Amino acid sequence: MECLRHDDPPRLGPYLTLARLDADSFDGGAVPERRYLARTADGERTVLLCAPLPDAAAPAAWAMEAELASRLSVPRFLRPTSQGSEAGLPWYAVPYTPVLPLPAALAAHGGPLPEDLVRRLGAALAAGLAAAHARGQAHAGVSPAAVLIGAAGPLLGCFGAVRSAAPWGPPGLDPGCLAPELRSGGRPEPLGDVFALGAVLAYAASGHTVPEQSELPPGLRRLLASCLARDPADRPSAPQVLHALSTTGPARTPAPAPAAAPATTVLDEQAPPPLPGRVVAALAAQSAELLASELPAAPPARPAPQKVH
C-alpha cells in the first residue's frame with residue numbers, strides 16, 4: 001500500500017479511495033493505469049479500483065476495454081465487476097483480495113523469484129493467454145506491473161493498455177514488453193502477448209525485462225529467447241509456452257504422455273504456486289494495514305444541475 005497523492009481522486013463512484021496499490025516508481029517500468037484500494041462509505045465492500053492515467057490514455061477507449069474485459073471469462077484475467085464514470089474519469093472495480101504487483105513481489109522477496117516459481121506463474125499466465133487467443137482476443141497489456149501476485153495464484157490486469165493508448169504511444173508500459181511489430185505501429189496480436197510474457201518471465205527471473213542471457217536460469221534461456229524473437233513467426237504460441245513450462249524444469253524430468261491421455265501440467269495440481277515467505281508476509285501486511293485503515297470523510301455529493309428558465 002502507498003499513500004494517496006494530492007492529485008488522486010478522493011472518490012470514484014460509490015468508492016472512497018484509501019491508498020494506492022503501486023509505488024510511484026520501481027525497477028520494472030511504469031504502471032499502465034492508476035490502481036487504488038478503496039471502500040464503500042458504509043464500509044461493507046473493499047475493492048481494487050482502477051482508472052486511466054491522466055492525459056495518457058483515451059478515456060473512452062480505456063472504458064471500452066474495461067467493458068470488454070468484464071464480458072470475458074478467461075482464467076487468470078482480472079475481470080471488472082462494476083464500472084462507471086466520475087466527473088469524466090472512467091473507472092472499474094473488482095473485489096479486493098491481497099495482491100502484490102510483480103515488481104512489489106520481487107522487492108518483498110529481495111530479488112528475482114526462484115526458477116520453479118517463475119515456471120509455475122508463467123504456466124498460469126500462459127494458460128490464460130491461450131484461452132483468450134483461442135477466442136481471437138489479444139490481451140495487449142502484459143507487463144510486470146500487470147501481473148498481480150496473490151495466494152490463489154497470479155492475475156493479469158491492465159487489459160487493452162496498448163489498444164487504449166493515446167496517439168503518442170502506449171502509456172506506462174515497460175518498453176521491453178512491447179513487441180517490435182507494436183513499436184512500429186502494428187496491431188496487437190496474440191504473438192505480441194507471447195513476446196510480452198517472455199519479457200515478464202525474464203523480469204521475474206532476473207529483475208530486468210531485457211536481461212543478459214547469463215542473468216537467466218539456464219533452464220529458461222532457450223524458451224525466453226524464442227518468446228522474445230523479433231519476428232513473430234519465430235515465437236511459440238501461448239499453448240506451446242504452457243507446455244514447455246509445464247513439462248521441463250529443475251527437478252522435473254519430462255516423460256512421454258500416455259497415448260490415450262493428455263500430458264499432465266503444473267496447472268493440474270490443486271494448490272496454487274507456493275510463494276516465498278517474505279512475499280506471503282507482504283500480502284498479510286497489506287491486508288492488515290487495509291483492515292486498519294479508517295475511512296476518510298466522504299466528499300460532498302455533487303449538486304444536481306439546475307434548469308435555467
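Is Cys3 buried or exposed? At 69% relative accessibility, Cys3 counts as exposed, where exposed means over 50% relative accessible area, buried under 20% and partly exposed in between (1.4 Å probe, protein chains only).

The model is predicted: local features need pLDDT of at least 70, side-chain atom pairs count only at pLDDT 80 or more, and totals for chains, interfaces and linings use all residues. Residues are numbered from 1 along each chain as its sequence is written, and side-chain values use heavy atoms, with hydrogens and water left out.

View 1. In contrast to the exposed Cys3, Cys227 is buried, at 1% relative accessibility. The count of disulfides (pairs of cysteine sulfur atoms within 2.5 Å) is zero.

**View 2. Helix H1.** The protein has eight helices and nine strands; these are DSSP runs, helices being H or I with at least four residues and strands E with at least two, numbered from the N terminus. Helix H1 comprises 13 residues, 59–71. From first C-alpha to last, H1 reaches 19 Å, close to the 18 Å expected at 1.5 Å a residue (1.5 Å times one less than the number of residues).

View 3. Trp62, Glu65, Ala66, Ala69 and Ser70 are buried in H1. They cover an arc of only 140 degrees around the axis, and therefore lie on the same side of H1; the arc is that of the directions from the helix axis to the C-beta atoms. Ala60, Met64 and Arg71, on the other side of H1, are exposed.

**View 4. The cover over H1.** The buried residues of H1 are covered by elements including strands S3 (33–40), S4 (46–52), S5 (82–86) and S6 (89–95), with contact meaning heavy atoms within 4.5 Å.
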